[in-house]
Each structure stands twice: as C-alpha cells, then as structure tokens.
Amino acid sequence: MDYVSYLWGDSMAAIEERKVMCNEDELSLLATANQFYEAAKIVHDAKFKPSTIIPRYYLFSHSIELSYKSYLLHNGIPLRDLIQKYGHDLEKALDKAIRYEFLKNTNNPNEHIRVIKCLNQCYCKKEFEYLSLRKKSLPFIEDVDRVAKEALCIAFDGIDTSQYIPVLKDTSK
C-alpha cells in the first residue's frame with residue numbers, strides 16, 4: 001500500500017487525484033481557502049444572485065472547512081486525521097480547533113458556532129453539491145460570509161495572515 005492509500009484508508013481508489021493532498025501543508029490549505037472565499041465573493045457580488053444561492057453557500061462553506069483544517073494542521077493534527085476523522089464535518093473540525101483556542105480572540109464566538117451548526121446540517125451531507133429536495137434551514141448568507149472571513153483571518157495564530165496568499169493563474173488561455 002502506498003502513502004496516498006494509507007492516508008485515505010483505502011487501496012487504489014482515485015490515487016492520482018489524491019496524490020495532490022499528500023503535498024498539502026497549512027499554508028497551501030489556507031491559500032486554497034482564500035481562493036474559495038474570493039470565488040464566493042465574486043459570485044455573491046454578481047447581479048444574478050437568486051440563481052446562485054446554493055453555490056455561494058458551498059464556496060463559503062468550503063473556504064471555512066479549509067481554514068479550519070489549515071489551522072488544525074498547523075497545530076499538529078496529522079493530515080490523515082483531517083481526512084478520515086473530520087471529513088467535511090465543519091462542527092467536528094471547529095470543536096477540535098476550539099481546543100487550540102481558535103475562537104479565543106473573536107468578538108462573538110457563540111455566533112460563529114451557531115452559524116456553523118446550522119450550516120453543517122447541509123454541508124457535511126454534501127447537500128450543496130448534489131440536488132436535495134429536503135427543506136433546508138440555513139443561516140443568512142451574510143452571516144456565512146462573515147464567518148468564512150473570520151475563519152480565514154484567524155486560521156493561523158501567530159502567523160501573519162496579511163501576507164500575500166498566492167492565487168493560481170488561469171493558464172488555459
């Protein structure tokens with residue numbers, strides 16, 4: 001069994017796609033979180049808002065997930081645990097991050113937690129990615145935006161998050 005299979009806890013499924021994850025570190029996760037946040041803001045600020053509500057929730061949520069995972073990786077949680085134990089569960093990742101004082105310097109940690117608990121009901125079940133006819137009770141998108149931005153800003157305690165986070169350029173043109 002190779003390292004990628006070991007990380008993911010399976011044998012040969014999607015090994016090529018997963019090799020990228022083996023090179024992840026806290027800064028690359030944070031850079032990717034920032035890219036998802038910026039994409040969410042572009043879609044959020046566009047004129048065709050009503051038809052993009054679910055993609056906006058997904059983009060902000062994925063940014064939050066990567067911010068939490070970057071913080072946890074920085075605090076010594078192994079990549080394998082982030083993949084296997086936390087998956088896409090925002091509440092579980094936030095609970096662990098709180099143990100490392102993730103919300104220590106926030107103005108309203110209870111509001112952050114409330115938004116995540118509500119958001120996670122759909123996000124961890126991938127209901128933003130696949131059609132679900134189940135009625136959804138979601139936090140206001142503006143609250144999700146605020147929590148995503150907050151998660152990005154505090155992802156690294158003691159590291160200058162104002163430093164330039166590289167954005168991949170589109171070379172397909």
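The model is predicted, so local features need pLDDT of at least 70, side-chain atom pairs count only at pLDDT 80 or more, and totals for chains, interfaces and linings use all residues. Residues are numbered from 1 along each chain as its sequence is written, and side-chain values use heavy atoms, with hydrogens and water left out.

Student: How many helices and strands does the protein have?
Tutor: Helices (H or I, at least four residues) and strands (E, at least two) are DSSP runs, numbered from the N terminus. From that terminus on, the elements run α-α-α-α-α-α-α-α. The count is eight helices and zero strands.

Student: What percentage of the residues in the protein is buried?
Tutor: Buried means under 20% relative accessible area, exposed over 50%, and partly exposed in between (1.4 Å probe, protein chains only). Of the 173 residues in the protein, the buried share is 41%.

Student: How is helix 3 oriented relative to helix 8, parallel or antiparallel?
Tutor: The axes, lines fitted to C-alpha atoms over the stretch in contact, have angles from 0 to 180 degrees between N-to-C directions. For helix 3 (residues 26-45) and helix 8 (residues 141-153), the axes come within 10 Å and cross at roughly 155°. Angles under 35 degrees count as roughly parallel, over 145 as roughly antiparallel, 65 to 115 as roughly perpendicular and the rest as oblique. Helix 3 is therefore, relative to helix 8, roughly antiparallel.

Student: Which residues of helix 7 does helix 4 meet?
Tutor: The axes of helix 4 (residues 53-74) and helix 7 (residues 109-123) come within 11 Å and cross at roughly 115°, so the two helices are roughly perpendicular. Contact means heavy atoms within 4.5 Å. From helix 4, the residues involved include Tyr57, Ser61 and Tyr68. In helix 7, they meet His112, Ile116, Leu119 and Tyr123.

Student: Where is glutamate 101, and is it buried or partly exposed?
Tutor: Glutamate 101 has a positive phi of about 65° although it is not a glycine. It lies in the loop between helix 6 (90-99) and helix 7. Because its relative accessibility is 45%, glutamate 101 counts as partly exposed.

Student: What is the relative accessibility of lysine 126?
Tutor: Lysine 126 is found in the loop between helix 7 and helix 8. Its phi is near 60°, a positive value in a residue other than glycine. Lysine 126 counts as partly exposed because its relative accessibility is 25%.
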